[in-house]
Amino acid sequence: MLLQIVEPKFYSAFENVSAKKYRKEKYRYQLELLKMQEWALKNGKRIAIVFEGRDAAGKGSAIKRMAENLMTKHHRVVEIGSPTPKQNRSWFHTFEKTLPKKGEIVFYDRSWYSRAMIQPTMSYCSDAQYKYFMKHVNEWESKLIKNGITLIKLYLSIDQSTQKKRFYIRKNHSLKYWKLSQNDIESLKMWDLYTYYKNQMFRKTSTKKAPWIIINAKNKMTARLNAFRYVIDTIDYDGKSALKKKSWNIDMNENRIKLFDVYFEDLTKEQYELLNHIKQMF
């Protein structure tokens, strides 16, 4: 089956946002996601939302904000982690077991696309396993969609300096040091090879029915809002509110930031941007 390959889409409804407006807009979008979930439950819809990206791109924190107010019985977060040898041998079957049931939303904190990027980069799979996956994944996803699954594929993109900063913060944070593994550190050395496999994935697995959506994740707040917004824009559900596109610049009247349990006020634009940048590292 030949599927139409398309360019991955760069999505950016938001480029800059203050902490206050982030909280306001996040609340609005969480209301919309709850409407979407109620609609999915009522109509037996199946929704799968894939989050991919390098380590420390903010996948888990974005999923946390999207899912935190949903009905717990009707959504799941799937994170396979290090696959067992059996899972590795039956890669598609491993994820078929996790697919959304009728009326359910499933968020994937990394997905079957680990086989396209991190596994070949770190030699966690064989070359034959990689090639088999790349040859068959489009057809496999086409069948999922044909069987009634709404599939959204989001890639949170960060540059190398951002990843290094976030790794450094994790390493030196008394409550988050455990999030930095030796594999994470080793992956830094493989940046260029990962980039090669990532680009191959975009080139070969972004299809008309299941395109890749690339979101700039250097700033975690705007990345989360863009992820929220794309999902809401993509799915037509009952009671959906009309949302205008917005791109906010920093409002000097709102330059008050809480960082490490301390409030910083009366900041200059440069001071605000610096502290806001530091805050996004967490």
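Trainee: Which residues line the largest cavity?

Mentor: Let us begin with the source of the values. This is a predicted model, in which local features need pLDDT of at least 70 and side-chain atom pairs count only at pLDDT 80 or more, while totals for chains, interfaces and linings use all residues. Residues are numbered from 1 along each chain as its sequence is written, and side-chain values use heavy atoms, with hydrogens and water left out.

Mentor: Now the general idea. Rolling a probe the size of a water molecule over the atoms shows where empty space is left. On a 1 Å grid over the protein atoms alone, a cavity is a set of points where a 1.4 Å probe fits but cannot get out; a pocket is an open set with protein on both sides within 12 Å along at least five of seven lines; lining residues have an atom within 4 Å of a point. In this model, the lining of the largest cavity consists of Arg 54, Asp 55, Arg 110, Ile 118, Thr 121, Gln 163, Ser 187, Met 190, Trp 191 and Tyr 194.

Trainee: What volume does the largest cavity have, and which classes of residue form its lining?

Mentor: A volume is the space filled by probe spheres set on the points, with grid points joined across faces, edges and corners. For the largest cavity the volume is about 70 Å³, and the structure holds one cavity of 30 Å³ or more. As to classes, Ala, Val, Leu, Ile, Met, Phe, Trp, Tyr, Cys and Pro count as nonpolar, Asp, Glu, Lys and Arg as charged, and the others, Gly among them, as polar. The lining of the largest cavity has four nonpolar, three polar and three charged residues.

Trainee: How is the largest pocket described, and which residues lie nearest its centre?

Mentor: The largest pocket has a volume of about 1,200 Å³. Its lining comprises 41 residues, and Asp 55, Lys 59, Glu 79, Asp 109 and Arg 110 lie nearest the centre. By class, the lining of the largest pocket divides into 15 nonpolar, 12 polar and 14 charged residues.

Trainee: Which helix gives the largest share of that lining?

Mentor: Helices (H or I, at least four residues) and strands (E, at least two) are DSSP runs, numbered from the N terminus. The protein chain has 11 helices and eight strands. Helix α2 gives the largest share of the lining of the largest pocket, six residues.

Trainee: Is Lys 153 buried or exposed, and which side chain does it join in a polar contact?

Mentor: Buried means under 20% relative accessible area, exposed over 50%, and partly exposed in between (1.4 Å probe, protein chains only). Lys 153 lies in strand β5 (residues 149-157) and is buried, at 1% relative accessibility. A polar contact is a pair of N or O atoms within 3.5 Å; within protein, one must be able to donate a hydrogen and the other to accept it, and residues adjacent in sequence count only if both atoms are side-chain atoms. The side chains of Lys 153 and Tyr 113 form such a contact at 3.0 Å. The side chain of Lys 153 also reaches the backbone oxygen of Ala 210, at 2.9 Å.

Trainee: Where in the chain is Ala 56, and what is its phi?

Mentor: Most residues other than glycine have a negative phi. Ala 56 has a positive phi of about 75° although it is not a glycine. Ala 56 sits in the loop between β2 (46-53) and α2 and is buried, at 6% relative accessibility. Ser 123 likewise has a positive phi, of about 60°. Ser 123 is in the loop between α5 and α6 (127-146) and counts as exposed, at 61% relative accessibility.
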